[in-house]
Amino acid sequence: VFSPVELAPRDPILGLNEAFGADTRANKVNLGVGVYCNEEGKVPLLRAVQKAEEARVAEHAARAYLPIDGLAPYDLAVQKLLFGTDSALLQSGRLITAQSLGGTGALKLGADFLYRQAEKRLVAISNPSWENHRSLFEAAGYEVVDYPYYDPATNGLNLDGMLAGLEALPEGTVVVLHACCHNPTGVDLALADWAKVIDVVTRRKHVPFLDIAYQGFGENLEDDAFAVRLFAESGLPFLIASSFSKSFSLYGERVGALTMVTANQGETAPVLSQLKRVIRTNYSNPPTHGAKVVAAVLNSPELYQLWEEELAEMRDRIRHMRIALVEKLQAAGVQTDVDFIQRQRGMFSYSGLTKEQVARLADEFGIYAVSSGRICVAALNTSNIDAVANAMAAVMKD
Ligand code: PMP
């Protein structure tokens with residue numbers, strides 16, 4: 001049974017981590033990572049999380065199963081975070097939220113659910129997008145195409161291309177949209193652009209699937225939910241995959257949620273029942289710890305405030321690193337425009353580095369980035385930024 005099995009293709013980012021691990025240079029830097037690191041270069045344990053965990057351990061609670069769709073106070077808190085505490089949707093009977101295994105799990109639940117219901121099984125993702133979008137939807141049985149998004153000429157958004165691309169898709173295509181802090185480019189839609197996207201999506205009867213993995217990393221928790229809330233106002237049915245991996249620094253606990261907004265109250269019960277079938281036949285019910293911790297923080301005014309402060313610290317640190325990187329690149333003599341790095345949002349920057357320049361950074365300087373030129377700005381700190389800026393400048397100037 002196992003002898004015909006062929007080796008699966010290597011994950012490019014894992015390969016990069018291996019090369020970084022094998023590099024013996026003391027001042028090596030890994031900009032390929034997809035996690036937030038603090039000034040000490042470590043994944044932080046947030047104080048709000050620690051406090052919630054201490055309280056939970058002190059409870060010595062028994063470990064019964066959670067319901068199939070997860071912890072109810074968690075699911076409700078996720079809805080409030082997405083739509084706002086005073087959103088009419090909360091009382092509308094049109095919301096379904098199921099706790100999931102991170103944002104990835106939420107996307108997979110949504111993919112499996114839609115696959116069973118839909119006649120057309122076509123998904124459109126942005127070009128470029130988070131690597132796993134394509135693989136995940138293909139593995140779920142979909143044909144995956146992309147719509148224009150990033151414009152290398154401006155290092156910004158190709159809005160006209162994006163709108164035309166969405167227009168040209170067959171009616172009813174599932175359209176994956178990054179709600180904020182686009183991964184990998186860091187390029188987001190302006191607020192006015194979202195209304196145009198909603199207009200096309202509505203006319204073409206597409207199925208919007210919003211992916212929000214960085215709420216709080218752009219502007220703040222409220223503003224980063226702008227796209228979600230505009231879709232909510234539109235009255236369209238849509239799906240949202242939430243991830244708390246980054247915003248709570250809870251990567252390994254796998255805390256996420258799938259939320260579905262139905263067109264009317266009558267749709268909700270059948271949709272929930274089908275979603276529960278998807279969950280039940282996959283992993284039965286979700287794990288307890290991460291959701292308990294996140295629910296404790298989101299539902300306690302004191303812990304929520306502490307969390308918001310810590311989230312702001314992470315966001316501000318990344319912003320300062322962007323400003324410092326631009327200044328240092330310019331000081332090191334880079335003539336080309338690099339201001340766009342400052343305008344990008346979230347943890348990542350499409351730096352404009354070519355594949356060859358990325359290879360030189362690794363070979364000559366021990367600085368590792370993704371071959372697309374994506375760098376993790378959250379991996380920069382005051383100890384490594386000079387080395388990174390000087391090395392980038394060296395390969396950009398030649
Ligand atoms: N969507 C996007 C855009 C992401 O960048 C990520 C994580 N890198 C995810 C979803 C998945 O998040 P999680 O780790 O919670 O599964």
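Tutor: Let us begin with the record. UniProt, in an unreviewed entry, places the feature "domain: Aminotransferase class I/classII large" at residues 27-391. Please keep in mind that the model before you is predicted.

Student: Which domains does the domain assignment of the chain give?

Tutor: A domain may be built from separate stretches of the chain, as domain 1 is here: it comprises 12-45 + 308-397, while domain 2 covers 64-287. The C-alpha centres of domain 1 and domain 2 lie 28 Å apart. To their contact, domain 1 brings 19 residues and domain 2 brings 21 residues.

Student: Which elements give two or more residues to the side of domain 1 that touches domain 2?

Tutor: They are helix H11 (301-331) and strand E11 (348-350). By residue type, this side of domain 1 has 10 nonpolar, 5 polar and 4 charged residues.

Student: How many residues has the largest nonpolar core, and which have the most contacts inside it?

Tutor: The core has 113 residues, and Leu210, Val228, Val294, Val297 and Met347 have the most contacts inside it. Helix H11 supplies the largest share, 8 residues. At least three residues come from each of domain 1 and domain 2.

Student: With which residues is methionine 347 in contact, leaving aside its neighbours within four places in sequence?

Tutor: Its contacts, with those neighbours left aside, include Tyr36, Cys181, Tyr214, Phe217, Lys246, Ile318, Cys376, Val377 and Ala378.

Student: Which residues are around the ligand?

Tutor: The shell around the ligand consists of Gly34, Gly102, Gly103, Thr104, Trp130, His178, Asn183, Asp211, Ala213, Ser243, Ser245 and Gly256. Helix H4 (residues 102-117) gives the most to this shell, with 3 residues. The shell divides into 2 nonpolar, 9 polar and 1 charged.

Student: Which residues does a cis peptide bond join, and what is omega there?

Tutor: The angle omega describes the peptide bond. Another joins asparagine 183 and proline 184, with omega about 20 degrees. Proline 184 belongs to the loop between strand E7 (174-178) and helix H7 (191-203). Asparagine 183 is also one of the residues around the ligand.

Student: Where is arginine 254 found, and is this residue buried or exposed?

Tutor: Arginine 254 is in the loop between strand E9 (238-243) and strand E10 (255-261). Although not a glycine, arginine 254 has a positive phi of about 55 degrees. Arginine 254 is buried because 21 other C-beta atoms lie within 10 Å, and the cut-off is 20 or more.

Student: Is histidine 60 buried or exposed?

Tutor: Histidine 60 counts as exposed because it has 6 C-beta neighbours inside 10 Å, where the cut-off is 12 or fewer. Histidine 60 also has a positive phi, of about 45 degrees, without being a glycine. Its place is in the loop between helix H2 (47-59) and helix H3 (72-83).

Student: How many residues apart along the chain are glutamate 222 and leucine 82, and what separates their C-alpha atoms?

Tutor: They are 140 residues apart along the chain, and their C-alpha atoms are separated by 8.3 Å. Glutamate 222 is found in the loop between strand E8 (207-212) and helix H8 (226-234).

Notes
Residues numbered from 1 in each chain as written. Predicted model: local features only at pLDDT ≥ 70, side-chain atom pairs only at ≥ 80, totals over all residues. Domains from an automatic or database assignment. Contact = placed C-beta atoms within 7 Å. Helix = DSSP H or I, 4+ residues; strand = E, 2+ residues; numbered from the N terminus. Nonpolar A, V, L, I, M, F, W, Y, C, P; charged D, E, K, R; others polar. Core = buried A, V, L, I, M, F, W, Y, C linked by C-beta atoms within 7 Å. UniProt positions renumbered as here; feature names shortened; annotations may be inferred. Near = placed C-beta within 6 Å.
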